[in-house]
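Colleague: Before I use this model for anything, I would like to go through it with you, one question at a time. Please put the structure up first.

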Amino acid sequence: MAQNGWTPINVFTLEEFLSVAVDAAKKAGELIRNGFYQTKHVEHKSQVDLVTETDKACEDLIFNHLKQHFPSHKFIGEETTAACGVTELTDEPTWIVDPLDGTTNFVHGFPFVCVSIGLTLGKVPTVGVVYNPIIDELFTGIEGKGAFLNGKPIKVSSQSELVKSLLATGAGTKRDKLTVDTCTNKINSLLFKVRSLRMSGSCALNLCGIACGRLDLFYELGYGGPWDVAGGALIVKEAGGVLFDPSGADFDITSQRIAASNPLLKDAFIEALQQSK
């Protein structure tokens, strides 16, 4: 019996799952790299939530590659969800894919974009791949086996003081006054308590920033869905980091609410987030 109480019909190792996911990410990364320097054809999901033909082509490529190897598995992707509605996350082996996280960055030629692929077994992230093809950084993780950047082990920062910490967050895609005011008020409060703030436009890469120690603190409210965090969440945990709801409750991959840090900063970060309401 495998971990999380899930018994595979066809026995694959987690390393085999990872290898196939890495191949898919690199193939999609080639599409992103080629499209990055060309004119983009942009569609609007909302006022500021964008999608390009590259997003769709990458998702098709990734799903086709994974389905060739694992035809019985479930699949959840950002673009298919947008087109066909939400797919419920079950205990079945499920690949959760954001084919191009950071689409707005991609459209503007800002090189903070990535492919994010996560595999859940029993609803628990078990394999994670996040690949930025523009700067050629490949983050990987397997449950219980550690996290890696381009094959080298990574770990979260050892920073223990909030005031010396680098914080990352996102602005989301909603632009109603209540959402914007809530976002900016929280940032305004937190800026008095940390060293500085970064808003880089990719949830998955921010999580990887926590995992490799470039960032100390990260939170985001109201991001798109589990595809934004499924790959990076596993990588953070395997790098020694902690994931939690910004309220301090347990992290729920389906909640569209996430916070991450090293263990030394968690309690102070939760307190600061609560005070910033």
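Colleague: Is Glu 43 buried, partly exposed or exposed?

Modeller: A word on the basis comes before the answer: this is a predicted model, in which local features need pLDDT of at least 70 and side-chain atom pairs count only at pLDDT 80 or more, while totals for chains, interfaces and linings use all residues. Residues are numbered from 1 along each chain as its sequence is written, and side-chain values use heavy atoms, with hydrogens and water left out. With buried meaning under 20% relative accessible area, exposed over 50% and partly exposed in between (1.4 Å probe, protein chains only), the 43% relative accessibility of Glu 43 makes this residue partly exposed.

Colleague: With which side chain does Glu 43 meet in a salt bridge?

Modeller: A salt bridge here is a side-chain nitrogen of Lys or Arg within 4 Å of a carboxyl oxygen of Asp or Glu, and the pair in question has its N to O distance at 3.0 Å. It links distant parts of the chain, 13 residues apart, with Glu 43 in strand E1 (residues 42–44) and its partner in helix H2 (residues 53–69); helices (H or I, at least four residues) and strands (E, at least two) are DSSP runs, numbered from the N terminus. The partner, partly exposed at 35% relative accessibility, is Lys 56.

Colleague: Why are Lys 177 and Asp 181 separated by about one helical turn?

Modeller: The side chains of Lys 177 and Asp 181 meet in a salt bridge at 2.5 Å, N to O. Lys 177 is exposed, with a relative accessible area of 61%, whereas Asp 181 is partly exposed at 29%. The separation is about one helical turn because, within helix H5 (residues 177–190), the two residues are four residues apart.

Colleague: How many salt bridges does the rule find across the interface of domain 1 and domain 2?

Modeller: The chain is divided into domain 1 (14–153) and domain 2 (162–275), with bounds that come from an automatic or database domain assignment. A search of the whole structure finds six salt bridges. Glu 137 and Arg 214 form a salt bridge, with their closest N and O atoms 2.7 Å apart. Across the interface of the two domains, the number found is one.

Colleague: How much area do domain 1 and domain 2 bury between them?

Modeller: The size of an interface is often given as the accessible area lost when the parts come together; buried area is here the accessible area (1.4 Å probe) that two parts lose on being put together, summed over both. The C-alpha centres of the domains lie 20 Å apart, and the contact (heavy atoms within 4.5 Å) takes 41 residues from domain 1 and 24 residues from domain 2. In domain 1, Phe 112, Pro 125 and Phe 139 lose the most area to domain 2, together 22% of what that side buries. With 70% of it on carbon and sulfur atoms, the area buried between the domains is about 2,300 Å².

Colleague: In which strand is the place of Ser 261?

Modeller: Ser 261 is buried, with a relative accessible area of 0%. Leaving aside neighbours within four places in sequence, Ser 261 is in contact with residues including Ile 210, Leu 217, Val 242 and Phe 269. The strand that holds Ser 261 spans residues 257–261 and is E14.
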